[in-house]
Amino acid sequence: MTANIRNVHLGDRFKTGKNSTAKVVDLREIKSIVTGLTTGYQCIAAPEATHTIGLFEVPFSTVVRNRIYSAADLQETIENEDK
């Protein structure tokens, strides 16, 4: 079973800019040390460009809004931005 938090799954790909994409590599749960209750979640992504290094936190809504479903969707998005 894959982790799913706020409609985001591990491995989801999304656009981060006009010609750049990233991939969700971790979903973190934040817990209180005092109470043990979960206080929040974080979505961690990594750029897919070979020349870029590092992980970054991204809002769940950004992943959902800019999700790439297939290569055809990505190509269509790029073509529409050029117009």
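In strand β4, the bridge partner of Phe14 is Ala22. This contact belongs to the pairing of β3 with strand β4 (residues 21–31), which is antiparallel and extends over three bridges, where two strands pair if DSSP finds at least two bridges between them. The model is a predicted one, in which local features need pLDDT of at least 70 and side-chain atom pairs count only at pLDDT 80 or more, whereas totals for chains, interfaces and linings use all residues. Residues are numbered from 1 along each chain as its sequence is written, and side-chain values use heavy atoms, with hydrogens and water left out.

The strands β3-β4-β5-β6, in that order, form an open sheet with antiparallel pairing. Because β3 (13–15) and β6 (56–58) are the edge strands, each with a single partner strand, one side of each has no neighbour in the sheet.

The mean pLDDT, the predictor's confidence in each residue from 0 to 100, is 87 for the protein, and 88% of its residues reach 70 or more.

| Element | Residues | Mean pLDDT |
|---|---|---|
| helix α1 (highest) | residues 60–65 | 96 |
| helix α2 (lowest) | residues 71–82 | 68 |

Where pLDDT is low, the predicted coordinates should not be read in detail.

Of the 83 residues of the protein, 25% count as buried, that is, under 20% relative accessible area with a 1.4 Å probe, protein chains only.

Technical notes:
Helices (H or I, at least four residues) and strands (E, at least two) are DSSP runs, numbered from the N terminus. Buried means under 20% relative accessible area, exposed over 50%, partly exposed in between (1.4 Å probe, protein chains only).
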